[in-house]
Structures are given as C-alpha cells and as structure tokens.
Amino acid sequence: MTSAGAPAHPHSDSGFIRARRDFRAWRRTRPFWAGLLVLLAAAPIIYFPYFNLSLGALSVAMSTTAGAGSLVIGLTLIVLGGLLWFQPIIRFFAGCVAVFLGVLSLPISNFGGFLVGTLLAATGGLLALAWGPVDGGPVDGDPEDIPDGAEGPSAAVSRAGGQGSA
C-alpha cells in the first residue's frame with residue numbers, strides 16, 4: 001500500500017466534525033433558538049415556587065399556593081420547546097402559546113420566575129413566530145433565474161447589442 005492514494009488530511013472529516021456539520025444542518029431547518037429559549041424559560045418558572053433556602057436555623061420558602069400552576073406552565077413550556085425543535089411546522093401555534101404562558105406565569109409563578117421566565121418565554125415565542133423556513137430559491141443576482149420582463153431596462157439594452165431604443 002502506498003501513500004499516493006492517501007488523503008492529504010486524513011482526520012479532516014472526523015466524527016466530531018461530521019456530527020457538528022450535521023447538527024448545524026439540522027439546526028438551520030427549524031426554529032432552534034426559539035425552542036432553546038422556551039425550554040430555558042421553564043426552569044425559573046418551575047424552580048422558584050418550590051425554592052427553599054436554609055440559612056442556619058432559618059428557612060426561607062418561596063412556595064406559593066399556585067405551585068401546581070407553575071408546574072403545569074413549566075412542563076407545557078418544555079413540551080412546546082421540544083415541539084419547536086422536532087415539529088417546526090407548528091411553530092406559529094407553539095410561539096403563540098409560549099408567549100401566552102410566559103405572560104400568564106406573571107401572576108401565577110412568582111412574577112414569572114422573577115421576570116426571567118417571562119422574558120425568555122416571550123422572546124422564544126416571538127422568535128418562533130418570526131422564523132420562516134428557507135426555501136431553495138434562486139441566488140441573488142443569478143440571471144438565469146430571473147423571468148423575462150422582470151430584468152429592467154438595462155438588461156433590454158444589453159440584449160439589443162448595446163443600442164438603446166432611441
């Protein structure tokens with residue numbers, strides 16, 4: 001076996017690089033950052049109503065009577081974040097519900113996880129609403145993909161051999 005047929009960079013397509021490239025391709029086909037923010041919004045909304053801080057013999061509890069409501073809101077936000085990642089077709093529904101639940105968590109869950117959960121849910125939901133799939137349309141400036149008549153007067157002049165209609 002000779003080195004004539006060996007690639008110049010044998011480790012250029014390692015498993016990590018291939019996995020990173022595949023993840024990047026997967027991430028670009030869905031509202032990834034919206035789903036991540038909605039998932040992160042669930043953490044403070046669920047955590048703070050069940051938060052207990054012990055300072056020696058003193059115990060500070062942030063528990064509210066609406067702890068179950070906080071849990072339901074947080075778990076629903078987790079499901080919505082997963083749906084945004086794995087079912088991007090329902091991004092509009094998931095975005096609207098995430099914004100609604102973020103605002104609803106203000107009175108139910110200690111001001112929405114001290115506003116952190118509310119801001120993350122609202123931002124993630126609005127990003128989901130704003131996201132749109134990228135279509136495989138023509139590249140800007142590609143003259144073969146421009147229909148006739150949509151090119152403008154300069155293209156008509158160049159097609160006529162450089163002579164205007166004067």
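**A tour around helix α4**

Start by selecting Asn110: just after α4, this residue takes a positive phi of about 45°. (Helices here are DSSP runs of H or I, at least four residues, numbered from the N terminus.) Before moving on, note that this is a predicted model, where local features need pLDDT of at least 70, side-chain atom pairs count only at pLDDT 80 or more, and totals for chains, interfaces and linings use all residues. Residues are numbered from 1 along each chain as its sequence is written, and side-chain values use heavy atoms, with hydrogens and water left out.

Now step back to α4 itself, residues 91-108.

Next, pick Ala94, Gly95, Ala98, Leu101, Gly102 and Ser105, the buried residues of α4 (under 20% relative accessible area with a 1.4 Å probe, protein chains only; exposed is over 50%, partly exposed in between). They cover an arc of only 130° around the axis, so they lie on the same side of α4; the arc is taken from the directions from the helix axis to the C-beta atoms.

Back on the buried side, show α2 (32-47), α3 (67-86), α5 (110-114) and α6 (116-130), which the buried residues of α4 pack against. Zoom in on Ala98: leaving out residues up to four places away in sequence, it touches Val38, Leu77, Leu80, Ala121 and Gly125 (contact means heavy atoms within 4.5 Å).

Notes:
Helix = DSSP H or I, 4+ residues; strand = E, 2+ residues; numbered from the N terminus. Expected span 1.5 Å × (residues − 1).
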